[in-house]
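Hello,

Here is the structure we talked about handing over. My notes follow below it.

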Amino acid sequence: MISMSSIHAFDLIRYRNFRTFTSPEATQFSCLAVDPSGDIVVGGSMDGFDVFVWSIQTSKLLDVLRGHEGPVAALAFNPSKPILASASWDATVRLWDIYSDGRSIEVFQHETEVLALSFSPNGKFLCTATMDGNLNIWDVENALQISSIEGRKDIAGGRLTGSARTAKSSEANKYFTTLCYTADGECILAGGKSKYICIYHVKQQVLVRKFQVSHNLSLDGMVDFLDSRLLTDAGPSELIDDDDSDVWKEYMPGAKRGDMSKRKTAPEIRTKAVQFSPTGRAFVAATTEGMLLYSLDETLTFDPFELDIDVTPENTLMTLNRGQYLKALIMSLQLNEEELIRKVFYGIPPSQIQMTAKDIPANYLARILSFLSRSMYNSPHIQYHLLWSSQLLSFHSHTIETDVNTFITALRDLQKNISAEYQDLSKLCGENKFTLEYYETLAKHSTQEEEDNEDLDALLSMERDNPFAASGKKRNRSVLTH
């Protein structure tokens with residue numbers, strides 16, 4: 001997290017600040033980036049035009065990279081090579097080798113200021129966003145610009161309050177400020193100071209889809225045309241302060257200025273950052289309206305996978321009844337119908353789980369793990385799910401390790417649900433333990449009371465059956481007394 005003159009690192013497990021990175025002189029930071037290994041953090045400055053390099057383990061300043069002639073706007077690490085890219089308002093992007101001598105090894109010259117950048121997942125290409133609204137695709141190895149996508153018309157949003165032009169004719173805010181590649185590197189997601197988020201196909205250089213992040217007309221930059229009804233002789237009515245200073249108001253004691261909580265201008269709609277999920281099926285955007293999550297799985301009704309003409313729900317159930325459990329499970333995953341997958345999954349006997357989990361193909365592993373993690377939530381089949389989890393992770397651990405990004409979402413959900421089940425069972429077992437101990441103690445007391453009552457009843461019965469023995473005892477006691 002960036003503050004005014006420092007960068008703070010937070011522990012997401014303990015929710016505390018465990019590192020603070022500062023510069024030798026007072027500097028206002030504008031951007032930061034962390035290397036893939038998590039050992040190095042870099043920050044770009046607005047006033048000194050430098051890039052600072054720190055060690056996360058020690059918080060020590062390792063190096064200061066100098067060369068830019070304008071504020072540093074964005075930083076990004078190459079995911080496959082030890083290279084840092086920095087974008088600046090001096091219309092250049094510099095590549096740095098911070099792990100050896102810290103020198104600038106390449107400079108990509110642009111026509112206008114560079115505002116954002118992003119590496120492709122394989123690290124071979126670099127996309128940059130400039131002030132003229134274009135997205136420039138660069139070949140990192142050859143330092144050549146291979147294509148350019150014009151996005152001025154796509155990112156153009158509504159007009160601002162102080163603007164006398166419509167959104168179409170205005171020149172303001174027609175550029176991108178945040179970029180992110182998809183997981184496969186085919187498309188790129190872009191957002192900026194606009195109500196739209198755009199997805200472009202990199203090779204075809206076309207707009208795939210455009211999302212509107214908000215329909216809240218109270219935000220600035222949402223209206224496309226100038227409303228003449230809001231114009232006055234003094235200008236737009238939104239910019240006029242209607243606070244009458246002559247009217248007495250009940251301010252807080254000691255206040256000298258008026259109500260500082262009153263907002264004079266409406267917040268401007270913008271997208272601060274966008275990021276794709278590792279699976280590529282969802283992305284999140286940090287906007288004025290909050291964190292917005294867009295997903296393909298939320299409204300998924302029918303999404304077949306490697307479907308064949310013979311794969312039907314009827315044939316799948318017939319295969320399950322014949323005892324061909326692996327084939328039936330694969331057919332249900334191909335149809336990708338939640339109810340059918342659930343019926344086949346729970347129709348496999350526990351004794352056949354080991355053989356079925358062992359022979360599941362690698363291309364279906366992510367789907368069965370995702371279904372398993374969803375099914376564990378509020379389900380009574382705890383042992384059944386744990387048996388499936390144990391067998392899948394045991395037989396396919398090598399496949400998961402070689403492609404962690406594909407399985408990371410399902411594995412996290414699986415761990416979360418197993419931990420929740422463990423906590424619930426621990427709490428239930430603890431309550432049952434104390435309850436059983438209470439009942440055991442209560443039973444012991446009841447047994448002792450019953451034995452005492454039996455002895456008393458036996459004694460009373462003996463006295464009733466032999467009254468002479470009782471009278472003899474009385475006479476003997478009287479003789480002894482005399």
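Leaving aside its neighbours within four places in sequence, which residues is Gln391 in contact with? Ile353, Gln354 and Ala357. Contact means heavy atoms within 4.5 Å.

First, the basis. This is a predicted model, where local features need pLDDT of at least 70 and side-chain atom pairs count only at pLDDT 80 or more, while totals for chains, interfaces and linings use all residues. Residues are numbered from 1 along each chain as its sequence is written, and side-chain values use heavy atoms, with hydrogens and water left out.

Back to Gln391. It sits in helix 7, residues 382–395. Helices (H or I, at least four residues) and strands (E, at least two) are DSSP runs, numbered from the N terminus. Gln391 counts as buried because its relative accessibility is 14%. The cut-offs are: buried under 20% relative accessible area, exposed over 50%, partly exposed in between (1.4 Å probe, protein chains only).

Now strand 16, residues 187–192. It is mostly covered, with 6 of its 6 residues buried. Cys187, Leu189 and Gly191 lie on one side. Ile188, Ala190 and Gly192 lie on the other.

Strand 16 has two partners to look at. Two strands pair if DSSP finds at least two bridges between them.

- Strand 15 (residues 176–181) runs antiparallel to strand 16, joined by 5 bridges. Phe176 has Gly192 as its bridge partner.
- Cys187 stands opposite His201.

Best regards
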